[in-house]
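Please open the model in your viewer and keep the selection tool at hand. The tour below goes from stop to stop, saying at each one what to select and what is there.

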Amino acid sequence: MAHSNEANKKWELRSDKTQSDPEILNISKELGISPISALLIYNRGQKTPSAARDFLSVLTGEYYDPFLMPDMDKAVDRIISAVKNKEKTVIYGDYDVDGVTSVSILYTYLKELGLSSDYYIPSRSSEGYGVNNDAIKALADKGVTLMITVDTGVTALEEVKFAASLGIDVVVTDHHECLADLPDAVAVVNPRRADSKYPFCELAGVGVVFKLLCAINKKLSGHDRDARKFIDLVAIGTVADVMPLKDENRLFVAQGLELLNTSPRMGISSLLKAASKNDKKPKAPQKITSSVISFTIAPRINAAGRIESAEKALDLFLCTSPYVADQIADELCEINRRRQAEENRIIEEAAEKIQSSLDFEKDKVIVLAEENWHHGVIGIVSSRITERFAMPSILISFDENNIGKGSGRSVKGINLVEALTYCGDLLIKYGGHELAAGLTVSRENFDAFRERINAFVRENAADTVGAVVEGDAYVSSDEITLDQAKDILLLEPYGVANPNPLFFMKDALVRDIIPLAEKHTKFVLEKDGKVLTALYFGRSRDLFDVYKGDMLDIAFTMGINEFRGVTDVQLILRDVHRHASENEISESDKARFCDIALGAKYRRDEDILPSREDFAQVYLYLKRRPGFRDDCLGLREVISAFGGRISYIKIKIILEVLNETGLASIKFSSECDENFHFGINYVKNKIDIEKSPFYMKIRAGAEK
């Protein structure tokens, strides 16, 4: 739709139910909510009025018994022993948000029990993920006798054995998938263990640590109240690690958000204040939601581990001085800006490589490599490329030793780990999940790896593979109301397994399309006489081959907009499908223009060469545009303005000549080859367009 190679995503409904089905209407009646809200709850697995009521009453839920988790009793006894004996203890964590919040709550809790433990977070760039022997040796040299891992360690079989040989007991707490064999540790606390009796296995690493705190608290005092004050950090780590917001996770996040909004800890307040410093207008204090965690808090915490050291983020949670908290928050925002700049630089370079070298007929995986791409950022860039093109993507950064470390993201229907396993003999190492993975490859094997993984996907991927937009319901304009938008808030917190409700609507007329800043676009739509405002964030005007008068099908969420005392419903677009118009530009016309521009001959009866009147009309049309100093136009829009009388090929020739002669500045968008920016130039002397070299070349192509 936007670019010829950009994905046109497939839309699917989450279920075959509609808001008028008897089951849905029964839930609506029993709970006193709208049929649409009842359908949303049904689509999230709550299929009876009783289950729906429990879903909405999330804050009153109860925690599961932490001692149902394997080895929890062993972990509790060993840690209490360390507290009593004042042992030298270290908490070994990961450098992402889940790891940092895990270290923070365990460190603070043990300190309150009287144990001044230390912590260790490996460097992403020099050490990589997980427990390593060099770090263990350094800790042993300092006299450490107990190491507690958080958000890592369940696959560290050799490292735990090495620690034991140096006199260090290890308690593992983790939430990642277990191998067939577990580390020979004092305790391995993980709800994913095959022998686990814990009712919910999809906790984040910080969720497992929180259950450890609850268990210690119960053993010492018979309750878990002292642990509950950390539920805000549990919520942040759970959302940031993209864990499913169902069952106990939903309870953790709902309670955590309540604490964040009623009594936010110092570091979080400082971070939100620092993040809003660039806002042009002062705003009321922002309500902290799962979206605020995902898009404001988590990126700034993660940036520390990606660009510098995760300990900077940990310091934010542990500091007790408002002045220091403000300083650290400012530093984290600055690190995040550097991360964004690096990300944007890599995206631009990646986009150039894609446009210049990728064969979209043959290539089914985007595999790109460069010398200077930052390891901590390429995973984010890969996600954005995969989202845009609906294809798996892998970005690799080579070092001076010709060793490349890469990150990849995939789409539904293509298991990335299976694809990497097929290429295993070409890789130094690899690992991950179905949709996200990492790898290491030597430069000499790079080309062979790229060929092999594409061959695997061509052979094994179904024809239907691609990006899918899952929606809850098709709605009419009458169902888009402020009351409905408010009703939807009952389903928060949103996240994986409880996504922000998404709707589809057909046949919306575009009344206007307006660029906002550099990255966002505002649509004014009309459906059945009702005018709707819709925003598309992160998508510039240049990306859309959409103009006034077009008809769209839209995928959107419902938001609430407050402006100058007026509150109204606002649509947040997630995808748009444009209906074909009578002024569609055919691929054959595009190809014919390219041939003629390169000197191909054409018959005179093809009516290729624009007349002087054609030039004058197009020039005046551009000049009369209100924003002609730097306006964005689409070729279909220009064709439509002249009722199709001036063809695509003629308009392209006219624009090339206007640009060449300096009468106008014309620059086609690299994002969408139907759109162009233009400006009308002041020219002192009269210009004869027929003496333009490009015009003369085209005219010379006419067959005698």
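Buried means under 20% relative accessible area, exposed means over 50%, and partly exposed is what lies in between, with a 1.4 Å probe and protein chains only. Helices (H or I, at least four residues) and strands (E, at least two) are DSSP runs, numbered from the N terminus. This is a predicted model, in which local features need pLDDT of at least 70 and side-chain atom pairs count only at pLDDT 80 or more, while totals for chains, interfaces and linings use all residues. Residues are numbered from 1 along each chain as its sequence is written, and side-chain values use heavy atoms, with hydrogens and water left out.

**Helix H13 and its cover**

Begin by selecting helix H13, residues 311-318, where Ala-313, Leu-314, Leu-316 and Phe-317 are buried. These residues lie on the same side of H13, because they cover an arc of only 150 degrees around the axis, the arc being that of the directions from the helix axis to the C-beta atoms. Next, show what covers them, counting contact as heavy atoms within 4.5 Å: the cover includes helix H5 (97-112), strand S3 (118-120), helix H9 (231-240), helix H11 (266-275), helix H12 (290-307) and helix H14 (322-357).

**The nonpolar cores**

A nonpolar core is a set of buried Ala, Val, Leu, Ile, Met, Phe, Trp, Tyr and Cys residues joined through side-chain atoms within 4.5 Å. Which members of the largest nonpolar core touch the most other members? Select Ile-297 and Ile-301, which hold that place among the 96 residues of this core. Around Ile-297, leaving aside its neighbours within four places in sequence, you can pick out contacts with Ile-236, Ile-268, Leu-271, Leu-272, Ile-288 and Val-292. A second, separate core has 40 residues, including Ile-36, Ile-513, Ala-534 and Phe-556. In soluble globular proteins, nonpolar side chains tend to be buried together.

**Two helix pairs**

For the next stops, axes are lines fitted to C-alpha atoms, for helices over the stretch in contact, and angles run from 0 to 180 degrees between N-to-C directions. Angles under 35 degrees count as roughly parallel, over 145 as roughly antiparallel, 65 to 115 as roughly perpendicular and the rest as oblique. A crossing is left-handed if the near helix is turned anticlockwise from the far one by less than a right angle, and right-handed if clockwise.

Select helix H1 (residues 22-31) together with helix H3 (residues 49-56), whose axes come within 9 Å and cross at roughly 55 degrees. H1 and H3 are therefore oblique to each other, and their crossing is right-handed. To see where they meet, show Asn-26, Ile-27, Glu-30 and Leu-31 of H1 against Pro-49, Ala-52, Arg-53 and Leu-56 of H3.

Then move to H9 and H10, whose axes come within 7 Å and cross at roughly 125 degrees; H9 and H10 are therefore oblique to each other, and H9 passes H10 in a left-handed crossing. Among the residues that meet here are Ile-231, Val-234 and Ile-236 in H9, and Phe-252, Val-253 and Leu-257 in H10.

**Backbone stops**

Most residues other than glycine have a negative phi, and most peptide bonds are trans. Asp-247 lies in helix H10, residues 247-262, and is partly exposed, with a relative accessible area of 39%.

Now go to the loop between helix H18 (482-488) and strand S14 (503-516), the place of Pro-493. The peptide bond from Glu-492 to Pro-493 is cis, with omega near 0 degrees. Ala-497 lies in the loop between H18 and S14 and has a positive phi of about 75 degrees, although it is not a glycine.

**Stops among the strands**

Select Thr-89 in strand S2, residues 89-92; Thr-89 is buried, with a relative accessible area of 1%.

For the last stop, select Asn-401, in the loop between strand S8 (393-398) and strand S9 (403-409).
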